[in-house]
Structure formats: structure tokens, C-alpha cells
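Please examine the chain contacts and the domain division in the model shown below. The briefing that follows is arranged by topic.

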Amino acid sequence: METVIPNELVWLIFLLPLLSFAVISLILRPFFSNKPRLSGYISISAIFGSFILSIWALTSILSAPSHELAIPDFNWLVIDSAITIHLGLIMDSLTAVMLIVVTLVSLMIQMYSQGYMQGDPSYHRYYAYMSLFTASMLGLVMVDNLLIMFVFWELVGLCSYLLIGFWFHRPAAANAAKKAFIVTRIGDFGFLAAILLLLSKTGTLDIAQLHSLAIAGTLAGTVLTLAAIGIFLGAVGKSAQFPLHVWLPDAMEGPTPVSALIHAATMVAAGVFLVARMFPLFEHSEVALLTVAIIGGLTAIFAATMGLVMTDIKRVLAYSTISQLGYMMLGLGVGGIAIGIFHLFNHAFFKALLFLGAGSVSHATGTFDMRQMGGLRKVMPWTYATFLIASLSIAGIWPLAGFWSKDEILLSSINNQPILFYLAMVTVFMTAFYMFRVVFLTFGGQYRGDNSGSHSARPHESPSVMIMPMVVLAVLAVGSGWLNVTGGFSQFLGGGETRGFFEGLFHGFTHTLPGLPIPLAWISLILAGLGILLAYAIYSARWLSAERITRLFAPLHMLFSRKYWFDELYEHIIARIVLLKGLFAGLKFFDSRGIDGAVNGIARTTVATGRVIRKAQTGQLQLYGMFIILGVVAIILAMYLSG
Amino acid sequence: MDFNYLTIIIFLPLAGAAIIALVPGLSSRLIRYVAAIFTLVPLAISLGLFAAFDRSAGAEVFQFQEKVSWIPAINANYHLGVDGLSLPLVVLMALLGFLAVLISWKINLRVREYFAWLLLLETSILGVFVSLDLLLFFIFWEIEIIPMYFLISIWGAGRKEYSAMKYVLYTLFGGALILAGILGLYFTTDPHSLSMVDIAQTDLAPLVTSIPLAAIFFLLLAGFAVKLPIIPLHTWLPDAHTDAPTAVSVILAGTLIKMGGYAIIRICVTIFPQATQDYAPLLLTLAAVNVVYGAAVTLKQTDIKRLIAYSSISHMGFVLLGIFALSKVSLVGAGLQMFSHGIITGLLFAVAGIVMHNTKERNIAKLGGLARQMPAIAVIFTIAGLGAMGVPSTSGFTAEVTIFLGAFSSNVVSGVPIFTIICLLGILLAAAYILWLLQRVFFGPALAKFNHVIDADRLEKIYCAIFIALIFLVGLYPMILTDVIKTGIAPIAALFGG
Amino acid sequence: MNLELLLPELSLLITAIAVIMLDLFTERKGLLAVVSIVGLAIAAGFAITMWGTDPQAIFNNMLAVDNYALFFKLLFLGIAVLVILVSVDYVSKFVHFRGEYHALVLLATLGMMLMAAATDLISIFVALELAAISFYVLVGFLKDKKSTEASLKFVLLGGIASAVLLFGMALTFGFTGTTQLPEIALAVHEMSAQGLLSNPGLILGIVLMIAGFGFKIAAVPFHMWAPDVYEGAPTPITLYLSVGSKVAGFAVILRVFYSAFALPETLSLDWGMIFAILGAIGMTLGNVVAIQQANIKRMLAYSSIAHAGYIMIGLAAIGLSIGLSPTTDTLAPLAQSSILFYVVAFALADLAAFISVIVISGKLGSDQISDYAGMGKQAPLVALALTLGLISLIGLPPTAGFIAKFYIFSDAVNNGLLWLVIIAVLNSAISAYYYLRVVKVMWLNEPAREGKVPSSLALRLALAISCLGILLLGIVPTIVMKLAEMATSMFGF
Amino acid sequence: MGLEIAFWVLAVVAIAAALAVVTLRNVFRAALSLILCFLAVAGIFVTLSADFLAAVQILIYVGAIAVLIILAIMLTREVERGSLSNKLVVPVLISAILFFGVATFAMLNTSWPVVSLPPAEPTTALLASKLFGEDGFILTVEIAAILLLATIIGAITIVREK
Amino acid sequence: MSLGLEHYLVLSAALFSIGLYGALTKRSAVVILMSIELMLNATNIALVAFSRYIVPVLLTGQVFTIFSIVVAAAEATVGLAIIMAIYRSRETIDTTKIDLMKW
């Protein structure tokens, strides 16, 4: 593929899924409702097309000078000279990487969904939403204008809402959907404020122009910091960073492939992407960059602690996702675009795989509760194998994908933020522990589920349409990290040095950093190993009793399993008591009794006045006559009194 | 100029009303068709005008003008014309007028009177938007009270008589102040003039009589504020909305309250630039209060229509923000928001009406799980809701974001970024109440008591589809409107250096 | 003698006598109405031919023949025609006195016409009493309890008011030495050098005259007879009191105050303010109390008290306009034609309202508003007319009432009375409450009884005329405005 | 001097008679007091050189109005019931005194344009020419005639049974 | 102080006030009518006095008085007729009891 991809086809990357959405919702669903499969095929073909085009775009960008393609744009909103918003695309290395991630993962997951969603009455709707989401996500990563990006930013949020609430008849799902949307909107509030600020100070929302303004120093100081923090607030919401992390675990109410695609691989990573996209702004504001790093680092360990104690497999994965997103933020904060995005890249594959695995498990057992599982290793070998690979990868075991990106983050943080580094190291341990806790609980031991339940069939391996995508992802979970063994990935994203493949393969184990007794890679590997070992000890070999440990750390366990009471704080105290029952109820009372009461009061007073005055009209004509005389006297007196 | 398009647009519905009211022996069915035709034709003409409107830079501001001397004694003229600001609202009203007839198709009570009043209502609102003479404007402004009174009090629900009377009294009080303001304005000009166009081009400051300009400004503003409505003059709106028949709610939310916003721009801002600028911070404060307070109260509503009504108050706060930020972009945004809110909230009311009609239930707490029984309605309602909470690709987002962008960047009024940021909270709260509403009404387990509830029928689907198409059209391609609106806003923004 | 200038009055007098004579000789009492209307038409014809001629003073300056007077004469003649039309059904219930009824209506009309033309305190007083005596009798014409009570109240209070008016006229005469309005003006103007306010005699005289005339127009606090009398009187007479007698009162006030007490300007300012305040109180009181009324005639009585308040805004505006921008040598021609327009608009609206009441109450035998339930179904056209009349009384477009309010308020604003206008416009909003209540009852409530409401051709004709008038004045007010302007600019004396 | 004495006597009589009219409980006596008052006023007219008016006063007031009133008293059997007062005595008294005070104040503090010409006497011929002459009040007389016509028609209408 | 205009005026005011008092306090309609006649008489005194002192040769005031007397007579006639009518329908002319219509 020597030729550069034509502009029209670049647009098509985004338009194909959109078209699929339109076809499904406007044609298939109304007119072919008895042929649900069709919509799956349409959607998958569309995303496949996008994937192929994305690869073409990637190769074009690789060969383009400065890794960038120029795409002409359209006017979206132009009001004379006062404001100009273009709809245009930015085709650089970051976009290209994201395109690959999104299209590839989406493709895999949509294929998997054919099996997972089979027989669901809303099959059409599912694929319509999936297509819409993919389109929006692709739009998000491609556009060159902050406002338009915000448009897609909101749209992916919307799709997330729709898909979390896909089974809307379940109150929990409906609740979770609403919560997700509102919580992320709090973040969007910051994003939008930043957009407003940037436009008012610079007059443009074109991302490239903003970059150059920040680099040139025109955009600097408080404005820059505020804008960057505002943008980051958006990212915090979308990427479920502390303190807006509460929506993501609840979002697991959606169908599992949705969780895999949206709440693990792509949409939640959009926050990381956003920071990366606007990185020059962060780069020039120390405060902002530090904020990113701190929030990221804190979130990583904070979420991991909760992941330790969850019993729902998807919730463990959800906290894991939050934690890993924290890593990415940390990576961006301390290391730059390449490091953060590299972890995003790897994480997309192994985390999607983990979710698909969880989906496969629940497909077999009808539950997500790990206490109801066990022993699935035998009946679901493929699922077990791929899940294990992904777990090793996320735990950071050499030479799987997770190891590479995580190591880079650790490496950068030790140089810049030592405290965060130590926290990250603890997180490494925890990650390995909770992942293998899942593995052992789910696949090890004996089956603890209830065979006589509604899911009457015995646990069984999932159909191949589900297994195949998992296998593909497993390959990627192993190998995606190798892209940067040479530093090529970083180079592509504009940072880092290159080295030979084999040199790179062992580089981490041979270089001891100042301040550390042994090379970093060893340390992290040992910590991960310890984590796995502990999990083995407790949940597989049962050398240690889980119950006793729980009792030993009862307060901590309570803290973790109740999620630090954040839900209670937000939903009960702030939302329900302070706002709804307090402030808003007060305002409503004021509205109906105060303002409207005053209005009705005035009306009543007028009427009552009439009632009183008419009493003067007694029917006694002489009284009337008296008023004539009193009137005369009053007028005269008034005239004299007023002069 | 060769053809009196605007006159025809305004008075065709009136003619329809006259036919319906006076020709004896029309069957209900025939009456509906007559009403449909007499609203469809104005819609077609208004769309034609929209297409023919000269958007080029040097074009005349007011187009399709008609001017006939009317009451020479007070220099009042029958003067019509549209500019970029009013044209979209005319189109909107013509559209809603037609859709209102469709929405009312199932009305069976006193059909003849109903459609006569409905058409008269359309005439009066259209008249407000195209009048360029203050007296004429005011006449149309006031005429609307009578049909509204009847429509709410006869075909309404709940405390309909109370609400209708409340509406009338509020409007009359507002009208009273407007009348006083118009008179004050009239006597300030020299020679006395009632022409909005002429007065706007006059510098009033040297002409001030015993009545200060600011006083006139506030008289007019207070009158318009009732319509918009600006808190604390808003309490008629929830009652009127709650108890009005569906089609009337649609028109009320769609265009009637826009009369307030339109008039503030057309009269208050354009004629009193100095007072506008002086008092902009006050008005911006009210805008923020409208947005946040309105949304907060919305969250506590239990009646489906009342909730939407309060959300309108919140959304009108954005219009106010856009207006008094006084930048060109924000003013265009205000114009856009008026249109957008018209279709979005119009749709919300239309669907809420269907829900209430089909389920015989309006208490949100007692509804639930309807997405199973009425899937089409659920989808439509969701789309309308998305518009109301400003989700991108709907017109709601485009309009609100334009206001925000314009307002935040405005350099006419100091401190405006703070107000803008406060108003941003409105979007957040909007998400909360819309999602809550959706969840309570449509999601959750299906309730057995609604098992016999039917979904939208074909007619309902058709008019909802028109609304939806417009919501997305404006949301995705806002320039279809902004190109027009900006021609009307440009001379106004120029008063403030924009 | 310029008897030809008295032709309208003479023909009316002759008609009145002819009607009484005819009553003695014919059994076809329907003829009486026909003859009366013919007589009124002839009188109107004469009046029209005089329109536009130069103002003249006749009979030693007792009367003026000017457009101003002619305007009112034509108005009264027109109203009288309608009153006789709407009385047709009413009168047919009497066994006796049909001739007297018509004669008295004609004589009252004559009295009011003379009031509008009189330019001498003596002729004003006598003309006013002619109208008043006729009305005293007409009010008591039914001779039932209510009617006689109304009549008694009217005659006794009217007597007191006459005495008060006469006392005021006496003081004015004493102060100026003349009873002729133009000469009074000269005398007052000459004496202004000595400081007018230091001569409380004149002020007392003026205030007493305000009270006396205020009784006629039902201005607060001289209004209290009105509700009781309106309620008790035969409805056509109530109608005539409301739109005829009251308008005649305004015609006199305008002429007296404008031609006699215009200068010095402090005097104008004073009575301007008095009218402003009385107007403000009147409209507020009238409206607020009207809300409480259950009887529609009584409600309309209070409504007409309120409307007297609105019209007084016009008087106040005139007073202030002279007071604020006096012309030194001669009086500026009366600029404000708004009062004239307003009284026409008010008359039309009240006509429509009262005629509808006559029709509906004629069927129901009740004036209670609650009994009007369902009239929208039983008598849609009459209900529509009543609705239109009430809307015009509220002052909503596109009716005459709106233009009238706009016109009269604009005069007030022009003369710095913005505060008064704000009170007035808020008042008209309040008034909507009780007017619309009637509308509500008619259109929303279910009828208590079945059956159509019959109405005679005469009533329908009268109703149609007034409704058309309301709409005509509301949409193309220019014609009447022109006439009103001519009437005020050709203001003779 | 004689004029002054006459005035004072007549004034006192008039006021006393007037007070009697409004205070006496016997309606018939009140009516007689009214006649006395009318006569005193006629006397006052004489002191003002209005001889013709004095005659008219006696003829019309005493001869016609008072007779009518007495007739009415008889017909309505008012004598038996007596002339009672309503509940408004105190407020009306205050109002009347206030009015009297205001009126007296106004009258005494005004510089009336008094001319010291001798009055025209006798007045009868003069009045006749005033009333019926070419440049007089002939029109007003006509109106008064119509007024009386209306009165007669009205009174008959009202008094006769239905 | 010699006899002058003011004396007559004060007398007139006094009689007027007395009449007024009577008109507003007496229950009997006939007495009220009598009081009204008193008031008119009082006014006549003022008119004649003005006529005598201000336009002694023109007699305008006296002319006015003649008309006033005519009007008084007419009012008395009509008033009494109405009183008769009301007596016929109610057997009383006590005005405090004639309050069928009020408020």
C-alpha cells in the first residue's frame, strides 16, 4: 500500500459505522425486525471496513512527513468573523494509534457479541447502539476542533448511557446508566468551561492552533493552567478517575461486550486520549501536569484496593480498569504522550479480553458472582487460557504486553515523582493479587454454582464465534507490547530513543537506576510474582484462610468493600439529602409558597379588599350622601394641605 | 413587495378560524381538514420566504416589508416585515401551528370552537413576530390572551380555570406595563413614532422627556419578562402548561414564550442600548437564577408536564444569558436557542401528551416501565429529552453552546464569564432531571396496569418525526439558521461594538 | 333668533309630544317605537347637516352650536335609537304608559343634548335637571320594589347633588359675576393676578361643581348611588344611564372646565390633579368591588364606575397639558380628542354588554351571573356579543376598548402622568378577572336549564350594531378619531 | 339700620325654623317649620331688594311645594310614625359642621368683587325682560318649560297604579 | 360691621349645612325631601345675595334663582310621586328600611 489514503476514505472511517447505525435503526429495525442477524452483519462489515481503512491510514501516516496528513475541513458554525467552528480531521500518529485500537477492539467485540447477544429481543438495538458508539468514538479521536471533539465526547457518553441501560427494564441498569451520564457530565462541565475559556482568550478552538499557541507561549499562565485543568476534569469524568470514579463499577450493569468495548478499552480511555491530544497545554503548565500525575497515581492505588475485595467478577475488572486508567494518567503526567498512550494501547487488548472472558464465564454460569463459580478450567479451556494470558499481561509479567508499558510508566515516575512511584509499585502488587484471585476463584477448585437454577445447562465452553475474537485478543495481549521494545512506538508518537529488539527485550533487567538496589524490572516482576503467590496461597492452595484474613483486616475490608462510602456520600448525602431533600426541596417550597404564594396572596388581598370595600355600600342612601359631602370636604382639605 | 406574503401568512389562519366558526354544519372531520389546510399553507409560504430570504451581507435588514398608514392621528402604521431574528420564529410558529392541528386531531370536545381558537392563536403569535409597528405589535401581543384563555379553561385539565385565569392576569399585567412603556417611548420620540425601525435608528438620549429612558426600558422589560418568563414572574407558566391541552402546551412552550425573548431583543436591547448595557449585570444575574433555580425546582416536580414546564424556565435562562451577554455570537445563540427550545420542548410536550392520553396518568411516581408497552414513544421521548439536556447533534446542544461561546467571550459586559459558568450548571442539572424522568416513566420493570396501553399511532409518529428531523437538522447543520439569524443580529450587535 | 340651529332639539321635542298624543289614539303600541326612532333619525339628520359649520353661540350665549356639541348630540341620538330598540320587548310588558316611556326617553335625550351644547351655568343646570328628572322617572318605571327603591335613592341623592352643584355654581357666579362660561374664563384669568388660591371661594365653588358633576358621571366618592340604581332600574334604562347620562356628564365637565377654568395654569393643574386622583381611586375601587358582584347589572355598574375613572385620566391629561405648557394669549385648541373617542368606545362596549344582558335576563328572569351558565350553548351569538363587549371593556385588542385606552393613556403619558397610566393599566388587568368570570360561566359551565334563548329582531339589530361598532373602532379607528378631532378642534366656547 | 335688624331677625328665624325642620319629631310640625323658613327666606330676599323673587318664593315654595309635602305626609301617614333619625347622626353632624366650617372659611376669606351700585328696583319688569327678552334667558325658560312637562308626565306615570 | 355680602353667605352656608344634616339623618323620605328643599333655599339666598352685591343691575342671580325654584318644584313633585309609589309597594318610607339593593 504505497499510495496515501484519499481524503474521502478517511472520512469514511468514521462514516461507515454511522451509516450502519442509520441503516439498522431506520431500515432494518422497522422493516426487518424478524431478521435480527442482518444488523449484526451490517455492523460488523462496517467496522471491518473502518478497520481496513484505519490500517491504510496508519501506513499512510507512517510514511507521511512528520507523521501527519492534511485533510480539508468543512464549516460547521460560522457567524461572520465572530466565531468559526470547522468540522475537520486531524490525522497524526496519535489518531492513527487510536483508530487501530478502536476499530480492532470494536471489530473483535462485535463479532463476539453475535454469540453473546444471541436471542436477545433487542438485537437490532444493540447493534445500532454499537455502531453509533463506534462512529462517535472514531469521530472523537479524529476531529481537529475542540468543540467538535466535545460533541463526540458527549455522544460516546450518550452511547454509554444507552448501552449501560440496554436492559432498561432492570432498575439497576437504568440507575447505573443515569449515574454514569450525570457523573461524567460533571467532568464535562469542566471540559466545556475550558473550551469557553480557550475560545475567549485565543479566539480559536482548532487543536493544532492551540498547540502552537501554547508552545509559542502566547497561551500561558493562569489561563493555560485553568484551561488544562478544565480539560483534565473532563478526562477525570470520562476515565472514571478519583473522585468521579463511582459510575464505572455500576456501569457493569450493561451487557458484557459493552463493558469490554466502552468501559474498558475505548471510551473510558478517551480521557487519557484527551489529555494526550491536548498535551502541549499540559506540558506548559506545571500545575496541570502535576495534577494529572497525582490524580492518576492516587486513582491507581485507590481503585486497586477496592478491586481486592469485590466478589463480582466484572466489578473487579471495573476497578482494575479504573486503576489502569490511573496508571495511564500517571504515565502522561510523568512521562508524556507516548508512555501513557502505549499503556492505553496494550490495556485495550488485555482488558477487553478479560471482559470477554468474564462474559464467556457468565454466559456459561449465568452469574457474575465469583462465589458461584469455580472449577471452570476444565469445562472452558479456551476461556481459561485466554483469561490467564490476559491476567498475566495485566499483572505485568515479562514479556507480555502489560509488562512493557507498565515498566515505562514506573520508570518515568521514579525520575519525576518518587512518592507516586512507590504507590505505583504497591499497585503492581495489588493488581497481580486481585487478578489472580479472580483466576483462582473462577477457574480453580470445584464448581460451586447451582446447577438446578434458571441457567439449567451445565457450564459449557462458549461457541466459537465468541472464542475466536478472544483468541485474537489474546495474541495481541501477548504481543502488542513488543511494538515498543525497540522504542518504535514511542518514536512514532514523537518521543523516546530507539534501540535494538533484543537489547530492548532485556533492557529493563540490566539497567539499575540510581536509588534502587536492583534493576526496576526485577522489582516489579518480583512484586507481581508475590501478588500471584499470595493469591495462590489464599484462594487455590488455601494455606491461608480468606475468612481469617478478612477478620484480621476487618476495618480495611469494610472500607474497601463499601468503596470508601463514596456512593453513600454522593448519592445519599449530597444528591439525596443535601440537594434533593434540602436545597432543591427548599427552592421548590420557596417557589410554590414564596413566589407563587405571594402572587396568590396579592390576588387574595385584592379580592378581600373588594369584599371589605363593598360593605360600605350598605344600601343606605344617606350614607351615600354623606360620602358626597365628605368627598368635597376631603378634596378641599387635601388641596389646602398640599398647598 | 409585489405580493403581501406576510399578511397572508398571518391572516390565513384567521380566515380559517372564521370559516370554522361561522360556516354552519361543518362536520368535525371537515373542521380538522380545514384547520390543517389553513395552517399548512402559511407554513408553506413561510418556508418559501425562508428560502427566498436574502442572506447576503449587504441585504436589507427587514425584508418582505409591507407598510400602510393605519391610524394617522398617532402615526401608527400597518407595518410588517421580517428580519433574520423574526423569520425563524415565524417559520417555527407556522410549523407548530400546523403540527398543533395534527396533535389536536383526537380532540372531540367542542371541535368547532377549539380549532377556531387555535387558529386565532396562531394568527396573533405570527402577528407579534412580523409587526414592525409598536401598536400593531402590542395588539397582536394582547389578542393572544383570549384564545389562550378559552383553550386552557375549556380543553385543559386539572385546575384549568385557575390556571387560565392566572395566565390571563399575568399576561395582562405584563401587557399593562408594556403598554405604559410603549407610550413612554412614543412620546420620547420626536416626531412621535411607533415604528420599531425608525425608533431603533434614533438616538433617544437627547430627546428624553420627564420619563427617563431607563424607566421605559424597565417597563417594557418587566412586561416581556412575564412572557419569557424571568423569575420571579414565572409562576403562571407551570400552571398554564400543566393544565393546558397538549397542542396548546406545544405552542405555549414553542413560540408563545419566545415572544418574550424576541421582544426583549427587538425592543429593549435594540432601542435602549445604553440602558441594556447598564443593567446587563442585573439581567445576567436573573439569567443565572433562571437557569439554576429553574432546574433545581424542576428536579422536584412530580407531574410530567409540570416538570417540562419548569425545564422551560431553566432553558429560557439561557436565552436571557445569550441576550444580555450582548455579543453577536451570544445573541445569535439566543435566537437559535429560541428556535431550538421551541421544537425540543414542543416535542416533549407533544409526547408527554400522548403518554398522558394513552395511560390516563400524569403523576411520574405512578408511571413506569412504559418502554415495553410504548417503545416508539419511549424512543421519541428519549430523543426529545436528549435535546433538552443539550446532547450534541441535537439542536439543543448547538444553541446552548453557541450561547455559551458567545457569552463567555463577550467583552461588552464585564463579569459575564462567571454568569456563563453558573449557567453551565444548568446543563448538568438538565441531565439529572431528564434522565430521572426517562427512568421513572419508561424504564424499570413494565407495569401490568399499563398492559393495554397503546403505542403512538401513525399520525403521532408522523408529527413526532417532523420534530425529530428538525432537531437533528438544526443540531447537525446549525448554519441553516444562524446564517439567517445573524443578518438580523448584526445591526443589533453593532450597537455594542460587535 | 336662530331657530334653525335648534332644529335637532325642536324635532325631538315635537316627537316627544307626538308620541304622547299617538299613545292616546292608537292601539298599535309598536308604532310608538317607530315614531320615536323616526324622530331621532330626523333630529340626527339635522345635526349632521350642521356638522362642520363654524361654531356659533345662540340665544344670548346660552347654547353653542359647534362640532363638539354635535358630536355628542349625534352620539346621544344614536344611543337613544338603540335604547328604544332594546326597549321594544321590555315595554311590551307594560299595560300603560308606553307613550310616556318613549316620551321620557326622548326628553332625557333632549336634556343631554342640551347639556352638551350649553355654555351658560344656568342653561347647563336646567338642561341637566331636565335629563335628571326624566331619568328619575324612568328608573322607577317598573314600580316594583327594586325599581322604586332605585328611583327613590336616585331622586333624593340627585337632589342633594343638585343642591351641591347649584351651590358651587352660585359661588362661581359670585366670584366672577357672570354665568357664561367664556366670561367666567375672562374673569378668572383677570383675577389670577391677585392669587387665585388665596380666594378659596372659587376653589370651593369648583370643587362643589366637581362633586355635582361627579355625581352624574359616578366618580368616586360621588358614585355610590350608581350600583343600587343600576341594579334596580329597568335594564334599558340602566343602559341609558350608563352610556348616556354618564357621557353627558363628561361632555359638560369637559366644556365647563376647558372653557371656564383653563387659565391660569395653576388652576388647570389643580383640577387636573383632582381628576387624576379621583380617577385613580375610582378605577381601583370600581374594579376591586366589581370582583365581588354576583349580579351582572351591579357588576356592570361598578365597571362603569371604573370606566369613569379611566375617562377622568383624559380630563387630568387636559388639565395638566394646559397647566404644563400654557399659551399666554389665547387658549390652545383642545388637543385631546381621546375622551371623545373613549366615550364612544365605552358606550359601544357597554351597549353590547347590556343588550346581551337584556336578552339573556329576559329569558332567565335573573341577573345573577351564575345563572348565565351554558349561555355559550343556548345562545351562542348573544354570548359571543357579550364576550366581545366584555373584552372591549377589558381593553383587549382588536376591540374599540383597546384603541380607546391606548389613545387616552397616550395623552396622559404625554402630560407626565405615567404613574396614573400605570395604575390604570394595572387596573385593566384586574378588571379582566371579573369580566372573564362572566365569560367563563357562559362558555364553560353547563346550562342549568334546557331551551333556546329567544331574541327579537330589534334586539338582534341593536346587538349587531354595537358589535360591529366595537370591531370597527378596534380595527379602523381613524374615522371616529377624525370626527373626535374635528369635534374638539372646532370647540367653540 | 332697619335693614340690618330685619336681616338679623329673619336670619335667626330662618335658622331656627330650619333647625326645627331637622330636629322636630312631629313631621307635621316640621313641615310647618319649613313653611316658616320659606317665609323667612322670602323676607331675606326682600332685604336683598328682590321683591319679585320674594313673591315667587312664597307662591311656589309655600303655595305649592309645602302644600304638596303636607299632602304627602298625610297620604303616607308619616305623622303617626314621627320623624326619627338614622344611625348616622354623629358622623353626619361632624360632616355638616366640617362643611359649614369649610364653606364659611371660604366665603369669609374670599375677596368677592363687590360693586357698590344701588340695586335695580323694582325688579319685576327687569326680570321679565331678562327672562323673555330678545337678549335674555328665553331659551332657558323654554327648557324649564320642557322640564316641567317632563315632571308632569313623570309624576303622573309614577303616581298612577300600574 | 355693617350688613354685607358675607352675612348672607354665612347664613346661606348655615342653612345649607342644616339642610344637609337633615337630608342625611332623617329616616322619613318626606323629611329628607324637605331638607333638600332647605338646601336649595340656602343656595338661593347665596345667589340672590351675589346678585345684589356683585351684579346689582344685571339681576343674573335672580334669574338663576327663578330657575332654581322651578327645578326645586319639579324635583319635589317627582320626588313626592316616587315616595308615593314606594309607599304603595312597601307601606313605609323609612329610608333605612329601603335597602333591598346593597353591596
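Chain D is divided into domain 1 (1–82) and domain 2 (123–162), with bounds that come from an automatic or database domain assignment. The C-alpha centres of domain 1 of chain D and domain 2 of chain D lie 23 Å apart. This is a predicted model, in which local features need pLDDT of at least 70, side-chain atom pairs count only at pLDDT 80 or more, and totals for chains, interfaces and linings use all residues. Residues are numbered from 1 along each chain as its sequence is written, while chains are lettered from A and ligands numbered from 1 in the order in which they are written.

**Contact between chains D and E**

- Chain D gives 73 residues and chain E gives 60 residues to the contact (C-beta atoms, placed from the backbone, within 7 Å).
- On the chain D side, two or more residues come from each of α1 (2–23), α2 (27–47), α3 (51–75), α5 (89–108), α6 (123–132) and α7 (138–159) of chain D; helices (H or I, at least four residues) and strands (E, at least two) are DSSP runs, numbered from the N terminus.
- The largest share of this side, eleven residues, is that of α3(D).
- By class, the chain D side has 59 nonpolar, eleven polar and three charged residues (nonpolar: Ala, Val, Leu, Ile, Met, Phe, Trp, Tyr, Cys and Pro; charged: Asp, Glu, Lys and Arg; polar: the others, Gly among them).

**Contact between chains A and B**

- In this pair, 38 residues of chain A are in contact with 43 residues of chain B.
- The elements of chain A that give two or more residues to the side touching chain B are β2 (74–79), α5 (146–164), α6 (171–202) and α26 (566–614).
- With 13 residues, α6(A) provides the largest share of that side.
- The side of chain A that touches chain B comprises 27 nonpolar, four polar and seven charged residues.

Conventions
Two residues are in contact if their C-beta atoms, placed from the backbone, lie within 7 Å.
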